[in-house]
Amino acid sequence: DLKGDHPHLVQDRGLKAQTIHHFSIGYCSRGIFRGMIAIPIHDEEGVLIAYAGRRLKAADVKEFGKYKFPKGFRKEIVLYNLHRAKEYQKEHGLILVEGFFSTVKLHEFGFPNVVAPMGCELSDQQARLMSEAKEVIILFDGNEAGYEGAAHAKEKLLKHVPVRVVKLPVGTEPEDFSPKALRWLINGMSSLD
């Protein structure tokens with residue numbers, strides 16, 4: 001049973017209750033993700049295949065990284081949120097961000113066509129999953145890993161779809177911008193309400 005009203009989601013991330021509910025994320029108080037925010041991951045058909053756990057304690061993040069994935073989970077064959085975003089891809093294309101919370105926040109900002117490789121590396125399989133999109137707009141974090149990841153992702157995606165890279169200022173992430181600024185960055189793309 002996940003608690004959606006956890007301070008990490010509501011205060012730190014500033015997420016609305018309906019967004020938290022839409023993505024079924026919440027604080028987990030038992031099991032292998034005890035003490036973490038649990039995030040359900042679905043395949044492109046909408047089948048629940050795994051959960052990711054977002055560690056909250058600074059010491060744990062430092063030692064083990066931000067996220068815990070279940071044993072045997074192959075994130076390189078899944079695109080987070082594609083099962084929801086794909087209905088928009090032919091008309092509006094897809095926006096590719098790095099992680100779970102950029103995806104969730106952009107959705108809240110009115111961009112339901114957002115997906116993530118769950119990191120700054122896009123695999124060939126993930127690139128193929130986007131081959132039906134009108135275009136892919138890459139919006140990775142403004143840091144060395146993000147810039148490099150975006151360049152590699154662009155290479156892989158260009159075999160399948162038109163690609164645009166939006167280079168964010170150093171030290172910023174997509175969710176640091178207002179919805180209006182994001183629309184401007186994504187070339188005046190209107191929200192898809």
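I searched the whole structure for aromatic pairs and found six; rings of Phe, Tyr and Trp (its six-membered ring) pair if their centres lie within 6.5 Å, with planes under 30 degrees apart counted as stacked, over 60 as edge-to-face and the rest as tilted. In Tyr 67 and Phe 69 the ring centres are 6.5 Å apart and the planes stand at 35 degrees, so I noted this pair as tilted. Tyr 67 is partly exposed at 25% relative accessible area, and Phe 69 is partly exposed, also with 25% (buried means under 20%, exposed over 50%, partly exposed in between, with a 1.4 Å probe and protein chains only).

A note on the source: this is a predicted model, where local features need pLDDT of at least 70 and side-chain atom pairs count only at pLDDT 80 or more, while totals for chains, interfaces and linings use all residues. Residues are numbered from 1 along each chain as its sequence is written, and side-chain values use heavy atoms, leaving out hydrogens and water.

Next I looked at Tyr 80 and Phe 100, an edge-to-face pair with 4.8 Å centre to centre and 80 degrees between the planes. Tyr 80 lies in the loop between β5 (67–68) and α4 (82–92) and Phe 100 in helix α5 (residues 100–108), so the pair ties together parts 20 residues apart in sequence. (Helices, H or I of at least four residues, and strands, E of at least two, are DSSP runs numbered from the N terminus.) Both Tyr 80 and Phe 100 are buried. I then followed the ring pairs: they join Phe 23, Tyr 67, Phe 69, Phe 73, Tyr 80 and Phe 100 into a cluster.

I also checked for charges over rings (NZ of Lys or CZ of Arg within 6 Å of the ring centre and within 35 degrees of the ring normal). Arg 13 has its charged end over the ring of Phe 101, 3.9 Å from the centre. Lys 167 sits over the face of Tyr 147, 4.5 Å from the ring centre.

On to α4, whose buried residues are Leu 82, Arg 84, Ala 85 and Gln 89. They cover an arc of only 135 degrees around the axis (taken from the directions from the helix axis to the C-beta atoms), which puts them on the same side of α4. The face turned away from that buried side carries the exposed Glu 87, Lys 90 and Glu 91. Just after α4, I found Gly 93 with a positive phi of about 75 degrees.

Last, confidence: pLDDT (the predictor's confidence in each residue, from 0 to 100) averages 94 for the protein, and 97% of the residues score at least 70.
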